[in-house]
Amino acid sequence: MTPLQAYEAINAALVDGMGSTPIALNDERWRPAVGVAWIRVTIKSLAGRGLSLGSPGNRRADRRGVVIVQAFAPLATADGIAAAMTLAQTAAALLEGRDLDNPTATAPITVNCAQADVGPVGIDRGWSQANAEIPFSFVEIV
């Protein structure tokens with residue numbers, strides 16, 4: 001699996017699972033509709049865990065990363081940050097503890113998602129925000 005294939009599998013799981021919730025993928029720049037809850041997804045690479053011995057094209061590189069989901073909801077005084085927290089938890093549940101396959105890949109490849117961390121960020125200019133961070137790993141043959 002390549003990093004691009006891993007990103008595609010993660011994005012597909014979120015797009016398929018979030019229904020009609022607007023999603024900005026990987027730092028796309030756009031403005032959400034006024035008063036509509038939405039999420040921004042950023043996928044960051046982290047330092048790998050090692051590389052196996054062998055000739056080029058036969059080595060296993062253990063790759064790691066983190067999915068950062070920023071959930072934004074219009075501020076409602078009755079619920080404070082609850083709507084944003086619910087949205088972040090919904091996105092996290094689509095990935096947390098799951099193995100994601102990339103349907104476009106030629107061989108079975110899997111992204112392994114770990115335990116999510118979900119928490120409030122705060123309130124600013126009529127919006128509430130909560131974030132979810134989901135670590136993941138996959139193997140790339142290099």
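1. Helices (H or I, at least four residues) and strands (E, at least two) are DSSP runs, numbered from the N terminus. Read in that way, the protein chain follows the pattern α-β-β-β-α-β-β-β-β along its sequence, and its secondary structure comes to 2 helices and 7 strands. Please keep in mind that this is a predicted model, in which local features need pLDDT of at least 70 and side-chain atom pairs count only at pLDDT 80 or more, while totals for chains, interfaces and linings use all residues. Residues are numbered from 1 along each chain as its sequence is written, and side-chain values use heavy atoms, with hydrogens and water left out.

2. On the overall picture, the C-alpha atoms of the protein chain fill a box of roughly 60 × 25 × 25 Å, taken along the principal axes. Of the 142 residues of the protein chain, 37% count as buried, where buried means under 20% relative accessible area, exposed means over 50%, and partly exposed lies in between (1.4 Å probe, protein chains only). If contact is taken as heavy atoms within 4.5 Å, then residues 24 or more positions apart account for 62% of the contacts in the protein chain with a separation of 6 or more.

3. Helix α1 covers residues 3–17, and at 1.5 Å a residue its 15 residues should span 21 Å, which agrees with the 21 Å between its end C-alpha atoms; the expected span is 1.5 Å times one less than the number of residues in the helix. The residues Ala 6, Tyr 7, Ala 9, Ile 10, Asn 11, Ala 13 and Leu 14 are buried in α1. The helix is followed by Gly 19, whose phi is positive, near 60°.

4. As background, an α-helix has 3.6 residues a turn, so residues three or four places apart point the same way. Just after α2, Gly 97 takes a positive phi of about 70°.

5. Which aromatic rings pair in this model? The structure holds 2 aromatic pairs, counted when the ring centres of Phe, Tyr and Trp (its six-membered ring) lie within 6.5 Å, with planes under 30 degrees apart called stacked, over 60 edge-to-face and the rest tilted. Trp 38 and Phe 72 form a stacked pair, 4.6 Å centre to centre with 20° between the planes. This pair links distant parts of the chain, since Trp 38 is in strand β2 (residues 38–51) and Phe 72 is in strand β3 (residues 60–74), 34 residues apart. Trp 38 counts as buried at 6% relative accessibility, and Phe 72 is buried too, at 11%. Phe 136 and Phe 138 form a stacked pair as well, with 6.3 Å from centre to centre and 10° between the planes; Phe 136 is buried at 4%, and Phe 138 is buried at 5%.

6. A search of the whole structure finds 2 salt bridges, a salt bridge being a side-chain nitrogen of Lys or Arg within 4 Å of a carboxyl oxygen of Asp or Glu. Glu 140 forms a salt bridge with Arg 63, and their closest N and O atoms are 2.8 Å apart. Glu 140 lies in strand β7 (residues 127–141) and Arg 63 in strand β3, so the pair ties together parts that are 77 residues apart in sequence. Glu 140 counts as buried at 13% relative accessibility, whereas Arg 63, at 30%, counts as partly exposed. In the salt bridge of Asp 124 with Arg 125, the closest N and O atoms are 3.7 Å apart; Asp 124 is partly exposed at 46%, and Arg 125 is exposed at 76%.

7. Finally, Gln 129 is found in strand β7 and is buried, with a relative accessible area of 15%. Leaving aside its neighbours within four places in sequence, Gln 129 is in contact with several residues, among them Phe 72, Ala 84 and Pro 120.
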